[in-house]
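Colleague: I have the model open and would like to go through a few places with you. Could you keep the cut-offs in your answers as we go?

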Amino acid sequence: MDELIDILDDMGNLTGKTAMKSLAHAKGWFHPTIHVWLYTKDGKVLIQQRGKDKDTHPLHWDVSVAGHIGAEEDIEVSAIREVEEEIGLSISKMDLEKIGVFKSVHKHRKDLVDREFHHTFLCELKLPLENLQKQESEVERLDLIPLIQFSEETRNLANAKKYVTYKIDYYQIIVKEIRKRL
């Protein structure tokens, strides 16, 4: 689905310009996104398998919830909206814990370049996996795996064909930040 998004400079600052998401990807313009990593107090992390029809990384495992921030949309409001849309979970701003903003560049092909700043949050998952409802058009599957397994599988991107290939240090930060909360 195409949507109007804010365009950022290469430092993550608003430029005052907006564009449709498809144009931002075609031109390789930086834009803001959200990542929400859900975890359980018993040391598990929720991962989603991207839909088979996604333009980028189809069927790869990814962050619990991710999405683009609409033009002029509040970052936390965007995170709450995306969590509701993608996994059917209602959360509030108080449930979100921001752990950072991470610059990411993925050149998929000449006319599709993701240049994003991921506003990244943690959120405790308090419901069983079976209570979540995945968005059929976006999400193939959801899985709740032990944090140690996730750490091992993303270390050195040994499973590059399984997971979206973010920088190794990004995955390490996620694991470290979740461990702090267990």
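Colleague: Which helix does Leu-23 lie in?

Modeller: Leu-23 lies in helix α1, residues 21-27, where helices (H or I, at least four residues) and strands (E, at least two) are DSSP runs numbered from the N terminus. This is a predicted model, in which local features need pLDDT of at least 70 and side-chain atom pairs count only at pLDDT 80 or more, while totals for chains, interfaces and linings use all residues. Residues are numbered from 1 along each chain as its sequence is written, and side-chain values use heavy atoms, with hydrogens and water left out.

Colleague: Is Leu-23 buried or exposed, or in between?

Modeller: Leu-23 counts as partly exposed because its relative accessibility is 37%; buried means under 20% relative accessible area, exposed over 50%, and partly exposed in between (1.4 Å probe, protein chains only).

Colleague: Let's move to α4. Which of its residues are buried?

Modeller: In α4 the buried residues are Tyr-170, Tyr-171, Ile-174, Val-175, Glu-177 and Ile-178. They lie on the same side of α4, because they cover an arc of only 165 degrees around the axis, the arc being that of the directions from the helix axis to the C-beta atoms. Lys-176 and Lys-180, on the other side of α4, are exposed.

Colleague: And what do the buried residues of α4 pack against?

Modeller: They pack against strands β3 (30-40), β4 (44-50), β7 (97-109) and β8 (112-124), and also against helix α3 (147-154), with contact meaning heavy atoms within 4.5 Å.

Colleague: New topic: how many salt bridges does the structure hold?

Modeller: There are 14 salt bridges, each a side-chain nitrogen of Lys or Arg within 4 Å of a carboxyl oxygen of Asp or Glu. One of them joins the side chains of Asp-62 and Arg-50 at 3.3 Å, N to O. Asp-62 is in strand β5 (residues 61-62) and Arg-50 in strand β4, so this pair ties together parts that are twelve residues apart in sequence.

Colleague: Are Asp-62 and Arg-50 buried or exposed?

Modeller: Asp-62 is buried, with a relative accessible area of 4%, and Arg-50 is buried as well, at 12%.

Colleague: What about Arg-181, which side chain does it meet in a salt bridge?

Modeller: Arg-181 meets Glu-97 at 2.7 Å, N to O, and this pair links distant parts of the chain, with Arg-181 in the segment after α4 and Glu-97 in strand β7, 84 residues apart. Arg-181 counts as buried at 16% relative accessibility, whereas Glu-97 counts as partly exposed at 36%.
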